[in-house]
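Dear colleague,

I am handing over a structure that you have not worked with before, and I would ask you to open it beside this message. Below it you will find what came out of going through it.

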Amino acid sequence: MQKKETKKRLEWLDFAKAAGILVVLLVHAECAPGPVTFYGGMFYMPVFFVAAGYTYRRREGETFGGFVVRKAVRLLGPYFGTSAFLWLFFWVKDSLLGGNPADLKPLTLFGIFYSRNQMYRDGFAGGNPVLLNVLNAPLWFLTAMFLTCVWYRLVSGCRRKYLLLLLGAAGSVLWHYRTELLLPWSLEAVPYFACFFAAGESLRIQKKEGLLGELWFLGALLVVFVASSQINGSMNLSNGNYGHSMLLALLSGTSGSLLVFAAGMCLERKCPPVMSVIACAGRETLIILCFHMFLFMFLRGGAALLGLGVSLTRAVMVAGSMVLLTGAGCWYHRVKG
């Protein structure tokens with residue numbers, strides 16, 4: 001969800017991130033399953049890794065330590081800052097105001113430092129309590145992105161970069177099929193996520209963006225995306241669920257991301273005013289990711305007071321969060337200068 005600032009932002013990348021975060025909101029608002037949430041679920045997390053890979057560049061003179069610090073400020077600062085705010089809010093609400101200030105919500109604190117929604121994959125028979133339980137479940141992505149950036153920086157300077165990426169991905173696959181344990185900070189999945197990252201960087205380095213305007217290429221991408229999605233089935237990367245196959249998940253995630261890039265490029269050419277509005281949301285995906293579930297709580301309560309139906313309530317939650325948090329992010333950056 002992060003993208004390096006350049007002199008001129010690529011609005012089609014911001015469009016892709018806006019599309020991804022919209023699907024995130026639809027899924028978390030528990031909108032009825034359908035083509036949008038099913039097919040959107042194939043790319044709504046991978047697209048951020050692919051976009052980050054596209055904008056990845058080694059800064060001249062920057063040390064590895066300097067790179068790690070810069071990414072930590074960008075990704076871990078919001079992670080721990082948002083987590084601390086949510087923990088404090090619910091500790092005051094549930095423990096302090098509930099008359100039990102000694103309850104420091106230890107499971108929640110453990111979940112924040114483990115940075116996984118659960119310790120084992122879905123369906124684990126030995127008990128699998130929710131760890132990110134204060135409306136902070138989406139934040140797992142920030143620690144996963146941080147480690148993916150660090151891993152990619154480590155291997156990208158090597159002459160055998162792609163061999164190392166392949167070996168790392170093979171390690172992720174081996175771990176997935178040998179154990180149900182999910183490691184802290186998505187450690188077991190980071191080399192796999194780096195494959196999406198590499199796809200984005202390769203698109204830029206090889207200057208293949210023009211292919212995204214070729215009908216034959218888009219048709220082939222669409223076939224790959226639909227076929228791999230249908231065969232693989234639903235997936236949830238946060239809980240280590242890749243569908244039936246991690247390879248098919250990689251195909252559907254990458255092809256879906258490229259299709260969204262192409263849609264953004266088309267809209268940027270055909271309707272710049274509309275693109276500018278959508279791109280605003282794409283530039284504020286970090287704040288939307290961090291706080292949309294917290295805002296959902298208040299929007300759901302307000303909708304209940306107004307007697308709105310379930311479908312309308314969910315629509316209010318999605319649209320309200322997108323508009324309010326985008327506006328808050330734009331205001332913050334304008335004030336910050």
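**Overall fold**

The chain has 13 helices and zero strands, and please keep in mind throughout that the model is a predicted one. Read along the sequence, the pattern is accordingly α-α-α-α-α-α-α-α-α-α-α-α-α. The radius of gyration of the chain is 20 Å, close to the 20 Å that the globule rule gives for 337 residues, so the chain is as compact as a globular protein of that length. Taken along the principal axes, the box that the C-alpha atoms fill is roughly 60 × 45 × 45 Å.

Of the 337 residues, 49% count as buried, and among contacts between residues at least 6 apart in sequence, 74% join residues that are at least 24 apart. The chain exposes about 15,900 Å², and carbon and sulfur atoms supply 69% of that area.

**A patch on the surface**

L163, L166 and L167 make a nonpolar surface patch of about 310 Å². One of these residues, L166, has its place in helix α7, which covers residues 161-178. Is L166 buried or exposed? With a relative accessible area of 58%, L166 counts as exposed, because the cut-off for that word is over 50%.

**Helix α5 and what covers it**

Helix α5 takes in residues 106-114, and its buried residues are T108, G111, I112 and Y114. What covers these buried residues includes helix α4, residues 64-96. After α5 comes S115, whose phi is positive, near 60°.

**The cysteines**

How many disulfides does the structure hold? The structure holds zero disulfides, a disulfide being a covalent bond between the sulfur atoms of two cysteines. For C195, the closest cysteine sulfur is that of C149, and the distance of 14 Å is too far for a bond. For C271, the closest cysteine sulfur belongs to C266, and at 10 Å this is again too far for a bond; a disulfide would need the two sulfur atoms to lie within 2.5 Å. C271 is also partly exposed, with a relative accessible area of 27%, a value that falls between the cut-offs of under 20% for buried and over 50% for exposed.

Methods. Residues numbered from 1 in each chain as written. Predicted model: local features only at pLDDT ≥ 70, side-chain atom pairs only at ≥ 80, totals over all residues. Heavy atoms only, no water. Patch = residues over 30% accessible without salt bridge, like charges linked within 9 Å, V, L, I, M, F, W, Y side chains within 5 Å. Areas by Shrake-Rupley, 256 points an atom, 1.4 Å probe, with all protein chains shown as cover. Salt bridge = Lys/Arg side-chain N within 4 Å of Asp/Glu carboxyl O. Helix = DSSP H or I, 4+ residues; strand = E, 2+ residues; numbered from the N terminus. Buried < 20%, exposed > 50% of the residue type's maximum accessible area, 1.4 Å probe, protein only. Rg over C-alpha atoms; globule rule 2.2 N^0.38 Å. Contact = heavy atoms within 4.5 Å.
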